Amino acid sequence: MPDGSEVPDDPTIPDDSLVYRRITAEWYKVDPATGQHRLTSAAFSDLDGAMSITVGIDVEAGEHEPLDVVANHPGYGLVAISVGDLRRLGLGVVRSATDGELCHGDVHGNKTKGTKNKLRALAEQNWIRKPTVNETSSDEIADS
């Protein structure tokens, strides 16, 4: 991200568009308070300065389905978050196509613990597919 206070954001991606985030089983743990699986805030951490996503309107324009995002990622889950919700959290969405993923994008902005928890709550409401988990695992959430 640039050193100024402005968060990169692509205005051609409308607020009502969705972004998709692949979720590994490592980010889907048992909450000791409830005994139920839930996302951890680690699912919304940056890698190399941004959080990797897939831009929903680009998936639709390519006549693909959301589950195509995880087609080559066995065991992964998939969540959707609206671009408008991301922007209301002070985050920006940009396209960043790669050789392997033409619909790839990044979410920029400061993802504090509070912001990650809000992202987690939004994502928990918008599961497309939950990740495959080892039901015999005793992995519990270490963060809140």
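Two strands pair if DSSP finds at least two bridges between them. In this predicted model, strand S6 and strand S7 (residues 104–108) are joined by four bridges and run antiparallel. One of the residues involved is Val-94, whose bridge partner in S7 is Asp-106.

**The sheet**

S6 and S7 belong to an open sheet of six strands, ordered S6-S7-S4-S1-S5-S8, with antiparallel pairing. Strand S6 (92–95) and strand S8 (127–129) each have a single partner strand, so one side of each has no neighbour in the sheet. On average, neighbouring strands are turned by 35° against each other, direction ignored. Helix H3 packs on the sheet and touches S5 and S8, and its direction makes about 110° with that of S5.

**The chain as a whole**

The protein chain has three helices and eight strands, which follow one another as β-β-β-β-α-β-α-β-β-α-β. Of the contacts with a separation of 6 or more, 77% are between residues 24 or more positions apart. Of the 144 residues, 42% are buried.

Nonpolar side chains tend to be buried together in soluble globular proteins. Here the largest nonpolar core has 21 residues, and Leu-39, Phe-44, Ile-81, Leu-86 and Val-93 have the most contacts inside it.

A second, separate core has seven residues, among them Tyr-20, Val-69, Ala-80 and Cys-103.

Note on methods
Residues are numbered from 1 along each chain as its sequence is written. This is a predicted model: local features need pLDDT of at least 70, side-chain atom pairs count only at pLDDT 80 or more; totals for chains, interfaces and linings use all residues. Side-chain values use heavy atoms; hydrogens and water are left out. Helices (H or I, at least four residues) and strands (E, at least two) are DSSP runs, numbered from the N terminus. Buried means under 20% relative accessible area, exposed over 50%, partly exposed in between (1.4 Å probe, protein chains only). Contact means heavy atoms within 4.5 Å. A nonpolar core is a set of buried Ala, Val, Leu, Ile, Met, Phe, Trp, Tyr and Cys residues joined through side-chain atoms within 4.5 Å. Axes are lines fitted to C-alpha atoms, for helices over the stretch in contact, and angles run from 0 to 180 degrees between N-to-C directions.
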